[in-house]
Amino acid sequence: MASKRVLIISVGGSCAPVVNACREYDPDYIYFFCSGGPKGSTVTVDGPGDPCGESRKVQCECGKMVPLGNPKGKAIVYQLGLEKECYEKIEVDEPDDLKGCFDALSVVEKKIAERFGDEVEVIANYTGGTKSMSAALVLKAIQNEDWKLSLNKGIRKDLIKVHCGDVPVLEDKLGIYLENYIDQIKIFLQRHDYSAADNTLSEITKKHSLPSDEQRRVLRARRLCQAFHAWDLFNHEAALEMLRIVGGESVSKYILALVAITKENGGYEQVQDLILNAERRAVQERYDDAVARLYRAVEMVAQVRLQSEWGIDVSNVQLYLIPHELQEKYKELQNTDGRIQLALRKSYELLVDLDDPVGTVWQDYVNRVLSALNKRNASILAHGTVSLNKRDYDQVREDLVGFINKVFELLQVKTHGLQFPEEKLLEM
């Protein structure tokens, strides 16, 4: 529980609401936010005479001008019996300047931190003052999630002031905070930054007590973000487990895609997964990362084809699996420990030598694919020093994904691959 209570209250032409709020909250310290100058609300705080008296008059039926209220009214601090060390006035010379009002309250914010530290309850009451003063106080209170927002509510006798009989009540800021958080989260989701979205969602549950339905919604969104983040890092098993726990019809198609990827023979599913991952990196403008994934996808196509159709593992090619007439050629590729390991280009050349249909597609696309791979090799994440841009990525993607799609078409490969959700994740 906070050891001290601080009240920040905007002061306008009516003193009664200010006095009522101060008495209701009984703060340890008060910052009176008021307009400066001889005609400003600062005089009502601690000015001499009767600054809180009702000076307005109205003409009665008899023709005389009579006061609307009691013309007598001591200053606010006098009515409250406040000592000088218990309050401070924050004056603004331009009470209709929203930025100036907000800046003045930023000074108050620093003063509270320096004087009271973290263990303090701050209540911001915006009943009085100009529209800009009230608006600035509301904005500052919303910016500071630990501050409570308060407004005096009562019956108005006219359109000018709240007079008496008003009661200060705390306003519910949660709805505003949630909207602000959701706006931030949507930006992260549009960029497929599921870790950042999860971190922002965690701020909601750490700082606010939510209704049970809203809490379930936030926690579900967090689990989804964690699952897709794990998937984004190719941690497919963990992502699958999390999505199964979340469950629901909207999640089922992603579960099916992950099941297909994690199967022992899910090679081409993994190829499609790499392509989709590259698309997400491109959205984040991480084009070198995106191109690296496309390179790996092309490499994987050859590996999967050789393994699934010919039983050949390119990391350790067994000569007896290769037709006799080709064995001498590939024996020459043995390294110092006697193993034959094939990189991307040699893998496709083997498919050509085997008269495999994928090798035929390679021959049709080889010039375009090698041109695209040259861009990858120039990347700072490969062998070069160049940082690739969107134009580079678009060209590489057109050539490499075009080649892969042609292979898939030829082999009649259909995958379960689908792109991750963006804003729709919050509705899943």
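**Salt bridges and cores in a predicted model**

I'll start with a network: R5, E121 and K148 are linked by salt bridges. Keep in mind that this is a predicted model.

The side chains of E121 and K148 form a salt bridge, with N to O at 2.7 Å. E121 sits in strand β6, residues 120-125, and K148 in strand β7, residues 148-153, so this bridge ties together parts that are 27 residues apart in sequence. How exposed are the two ends? E121 has 15% relative accessibility and counts as buried, while K148, at 34%, counts as partly exposed.

Now the other bridges. A search of the whole structure gives 22 of them. One is between R286 and D289, where the closest N and O atoms are 2.9 Å apart. R286 is partly exposed, with a relative accessible area of 37%, and D289 counts as buried at 18% relative accessibility. Another joins the side chains of K89 and E91, at 3.6 Å, N to O. K89 counts as partly exposed at 26%, and E91 is also partly exposed, at 41%.

On to the nonpolar side. The largest nonpolar core has 61 residues, and the members that touch the most others are I8, Y31, I112, F228, W231, L243 and L425. Which helix supplies the largest share of this core? That is α8, residues 212-232, with eight residues.

What does I112 touch, leaving aside residues up to four places away in sequence? Its contacts are V6, I8, Y31, G117, V120, V122 and W147.

Last item: there is a second, separate core of 51 residues, including V271, L319, L351 and L400.

Notes. Residues numbered from 1 in each chain as written. Predicted model: local features only at pLDDT ≥ 70, side-chain atom pairs only at ≥ 80, totals over all residues. Heavy atoms only, no water. Core = buried A, V, L, I, M, F, W, Y, C linked by side-chain atoms within 4.5 Å. Buried < 20%, exposed > 50% of the residue type's maximum accessible area, 1.4 Å probe, protein only. Helix = DSSP H or I, 4+ residues; strand = E, 2+ residues; numbered from the N terminus. Contact = heavy atoms within 4.5 Å. Salt bridge = Lys/Arg side-chain N within 4 Å of Asp/Glu carboxyl O.
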